[in-house]
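Good morning, and thank you for joining this group meeting. I would ask you to keep the sequence and the structure in view while I speak.

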Amino acid sequence: NFSVSRREINATLSRHYDSTTNAPGSNLSSFDSLQAGETLSLSGSGTIASKDVGNSKSVTIGSIALTDGTGTASNYDLNSVVMNVTKKPLSLTGSKTYDGTTAASASALSINSGLVGSETLVLSGSGTLNTANVGTNSLTSNASGVSLGDGSNGGLAANYTLTGGTHQMTVGQRALILSGSRLYDSTSTVSSSDLSTITGTVSSETLNLTGSGTLSNANVGSNKSITLGSIALADGSNGGLAANYSLSSGTLTVNQRPLTATLARQYDGTTTAAGSSLSSLSGLQGGQTLTLSGSGTIASKDVQDSKSVTLGSLALADGTGAASNYSLSSASMNVTERVLSSSGNKIYDANTDGSASNITLSNLVGSETLVKTGVASISSPNVGSYSINNLSGISISDGSNGGSASNYTLASGTHN
């Protein structure tokens, strides 16, 4: 008789680490001596001596048995079984606020899938993102740069790998704070151009601003909160992208607007520059008005335009606007010629002459005097009362007690 004996074959199982010593037949990887391209399967389960990663780990066959495939199991004997326990792939996830770098620090990462049971591992090092910008970004090269370390509850780094996992980090927008200052302008509008400081940008990155916001009121104040309104970020320079940032808040300091006052009065023999002599204020906003109180001084009493005023007690006072929104930076005074009037009389002499000696000047300051010369002409020689326009024909010159002709004028006075 010709006898055909069963062929001995050896099986190799393979699975990822699962923290058990189970060696199920369903983990079959290969047989070493199947004939003519036949296939078989394994049923049942055996055990390995340790749960940890390793190649060609000897399997106690237990209930593992050959089962038919394209070939017939009864034609073979299972001689031995080994198992390759491979490292289990882990996946990482994490988040950080945009910082302008592609660094993915282990401190910002965690293992979100792949660990077995309650095992833990420790992460160290730093990986690299595919982009620094805001978004859900991938770590490159299987999270190269991030290392696994032994953890708790039996977690051994040697049983796991980052290769083959999915590694992502969410980069969130960096919040920015706006601040700036401007002079009072009577409005509660905050233009983006008023906001000169953007706090929180990364490295040398810059951003631009567009739009406008509002204040709760228009008045002067420090660090006034802004309702951002349509204020928005726009791309800047040195890699500054608006999409990587968000606006959290803003403040604006509204400073007093400096005003220049012009005072005007006729010569009065003093160096006093009274606030009541206010002619105009340069710099008022929105059609507002203010007044002046107190007084300052000028260097000389004499007639001159744009004489510098030492402010003294001069102070702004509320008008239709609030004085607290302004400051008085300087003042000047126009001292104009003092208008003199005159009266005169004579005995009828059959001519129309009005001699200076017959004329008396009025509205002189204090004890000042002037010298009068010349002859005016009246409209008729007859007895009556006549006006002389601007006292034409009469001249004045310096007199006594400080009387200077340049400080006076006969024009526009009343001359009878």
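Let me begin with the lining of the largest pocket, which by class has 9 nonpolar, 12 polar and 2 charged residues. Please bear in mind that we are looking at a predicted model. The volume of the largest pocket is about 340 Å³. Of the 23 residues in its lining, those closest to the centre are Gly344, Asn345, Lys346, Ile378 and Gly384. Two strands, S35 (341-344) and S36 (353-355), each contribute at least two residues to this lining.

I turn now to a sheet. Here 6 strands form an open sheet with mixed pairing, in the order S27-S30-S31-S33-S26-S28. At its edges are strand S27 (272-274) and strand S28 (278-282), each of which pairs on one side only. On average, neighbouring strands of this sheet are turned by 35° against each other, direction ignored. Within the sheet, strands S31 (residues 304-310) and S33 (residues 326-336) run antiparallel and are joined by 3 bridges. Ser308 has Ser332 in S33 as its bridge partner.

My last topic is the aromatic pairs, of which the whole structure contains 4. One of them is edge-to-face, because the rings of Tyr98 and Tyr245 have centres 5.4 Å apart and planes at 80°. Tyr98 lies in the loop between strands S10 (91-97) and S11 (103-105), and Tyr245 in strand S25 (residues 245-255), so this pair ties together parts 147 residues apart in sequence. Both Tyr98 and Tyr245 are buried.

Key: Residues numbered from 1 in each chain as written. Predicted model: local features only at pLDDT ≥ 70, side-chain atom pairs only at ≥ 80, totals over all residues. Heavy atoms only, no water. Pairing = 2+ DSSP bridges. Helix = DSSP H or I, 4+ residues; strand = E, 2+ residues; numbered from the N terminus. Axes fitted to C-alpha atoms, helices over the stretch in contact; angles between N-to-C directions. 1 Å grid on protein atoms, 1.4 Å probe; cavity = no way out; pocket = protein on both sides within 12 Å on 5 of 7 lines; lining within 4 Å. Points joined across faces, edges and corners; volume = space filled by probe spheres on them. Nonpolar A, V, L, I, M, F, W, Y, C, P; charged D, E, K, R; others polar. Phe/Tyr/Trp six-rings, centres within 6.5 Å; stacked < 30°, edge-to-face > 60°. Buried < 20%, exposed > 50% of the residue type's maximum accessible area, 1.4 Å probe, protein only.
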